[in-house]
Amino acid sequence: MRADHVGCYGYHRNTTPNIDRIAEQGTIFKRAYATSSWTLPSFHSILTSLYQISHGVVSDGYKLDDSIITFAELLKEEGYKTAGFVAGPYLKSIFGFDQGFDLYEETVSSSTDIESHSDITSPEITKLVLSWLDKHENEKFLLFIHWWDPHYDFIPPEPYDKTFDPDYTGHVD
């Protein structure tokens with residue numbers, strides 16, 4: 001998903017109406033940078049405000065040390081409910097991502113990187129998130145959501161596959 005194709009960042013087509021609606025009520029960051037090119041170290045940096053060299057999760061086989069404080073832990077100490085709903089191989093609790101979360105749901109995606117390439121997890125993640133929100137909508141909360149589907153060979157379902165070129169008859173991959 002590219003920022004230059006998201007409505008709230010100025011894209012002219014209506015590609016992201018739900019994201020745009022959320023952005024109207026939130027904060028838009030025009031200059032945000034990833035600390036790494038891939039999920040495992042980048043998301044630990046997001047959740048700890050530390051570079052990889054400081055949090056220590058630089059590749060497979062590394063787990064966040066319990067002594068490092070996460071954003072979820074800080075908010076939990078302040079009385080927030082904390083929940084994470086994730087799909088994909090590199091956000092699993094074996095890497096320490098569950099640290100500070102009351103609930104950390106990671107079961108909707110395949111267990112290996114290769115198997116996960118064909119996962120379609122968004123419907124299940126969304127169902128779980130909406131169910132959790134129904135129970136906690138009047139509480140202070142941190143909700144961490146990661147949908148996996150756009151990562152590999154994303155084939156949009158109907159009617160989105162024909163939204164911008166309804167007459168296209170070629171192969172989509």
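This is a predicted model: local features need pLDDT of at least 70, side-chain atom pairs count only at pLDDT 80 or more; totals for chains, interfaces and linings use all residues.
Which residues is Y9 in contact with, leaving aside its neighbours within four places in sequence? I started my notebook with this one.

**Entry 1: Y9**

Leaving aside neighbours within four places in sequence, I found Y9 in contact with A3, I28, F29 and K30. Y9 sits in the segment before α1. I noted a relative accessible area of 36% for Y9, which makes this residue partly exposed.

I then checked F29 on its own. In sequence, Y9 and F29 are 20 residues apart, and their C-alpha atoms are 9.3 Å apart in space. The side chain of Y9 comes to 2.9 Å from the backbone oxygen of F29.

**Entry 2: the chain as a whole**

I wrote down the confidence values next. The average pLDDT of the chain is 88, and 90% of the residues score at least 70.

I looked up six helices and three strands in the chain. Along the sequence they follow the pattern α-α-α-α-β-β-α-α-β.

Of the 173 residues in the chain, 35% are buried. The chain exposes about 11,600 Å², and carbon and sulfur atoms supply 54% of that area. I also took down a figure for contacts with a separation of 6 or more: residues 24 or more positions apart account for 46% of them.

**Entry 3: helix α2**

How many of the 10 residues of α2 are buried? I found nine, so by the count α2 is mostly covered. The buried ones are T39, L40, P41, S42, F43, H44, S45, L47 and T48. I looked for what covers them, and the cover includes α3 (52-55), α4 and β3. After α2 comes S49, and I noted that its phi is positive, near 65°.

S45 is in helix α2, and its relative accessible area of 8% makes S45 buried. Not counting residues up to four places away in sequence, S45 touches T35, L50, Y51, Q52 and H55. With H55 there is also a polar contact between the side chains, at 3.1 Å.

**Entry 4: nonpolar cores**

I went on to the largest nonpolar core, which has 17 residues. The members that touch the most other members are L40, L91, F97, F101, Y104 and F144. At least two residues of this core come from each of α2, α4 and β3 (141-146). The biggest share is from α2, which gives three residues.

I listed the contacts of Y104, again not counting residues up to four places away in sequence. Y104 touches G84, V86, L91, S93, F97, D98 and F144. I also found a second, separate core of seven residues, and its members include A83, F85, I125 and V129.

**Entry 5: aromatic rings**

I looked up the aromatic pairs, and the structure holds six. One of them is W38 with Y90, an edge-to-face pair with 5.1 Å from centre to centre and 90° between the planes. Why does this pair tie together parts that are 52 residues apart in sequence? W38 lies in the loop between α1 (17-24) and α2 (39-48), whereas Y90 lies in the loop between β1 (81-86) and β2 (103-105), so the pair joins those two parts.

Y90 has 19%, so Y90 counts as buried. W38 has 29% and counts as partly exposed.

I took W132 and F141 next. Their ring centres are 5.4 Å apart and their planes are at 85°, so this pair is edge-to-face. W132 is buried, at 7% relative accessibility. F141 is partly exposed, at 30%.

Last, I noted that F43, F101, Y104 and F144 form one aromatic cluster. I had already met some of these names: F101, Y104 and F144 are among the core residues that touch the most other members, and F43 is one of the buried residues of α2.

Technical notes: Residues are numbered from 1 along each chain as its sequence is written. Side-chain values use heavy atoms; hydrogens and water are left out. Rings of Phe, Tyr and Trp (its six-membered ring) pair if their centres lie within 6.5 Å; planes under 30 degrees apart count as stacked, over 60 as edge-to-face and the rest as tilted. Helices (H or I, at least four residues) and strands (E, at least two) are DSSP runs, numbered from the N terminus. Buried means under 20% relative accessible area, exposed over 50%, partly exposed in between (1.4 Å probe, protein chains only). Contact means heavy atoms within 4.5 Å. Accessible areas come from the Shrake-Rupley method with a 1.4 Å probe; for residues, only the protein chains shown count as cover. A polar contact is a pair of N or O atoms within 3.5 Å; within protein, one must be able to donate a hydrogen and the other to accept it, and residues adjacent in sequence count only if both atoms are side-chain atoms. pLDDT is the predictor's confidence in each residue, from 0 to 100. A nonpolar core is a set of buried Ala, Val, Leu, Ile, Met, Phe, Trp, Tyr and Cys residues joined through side-chain atoms within 4.5 Å.
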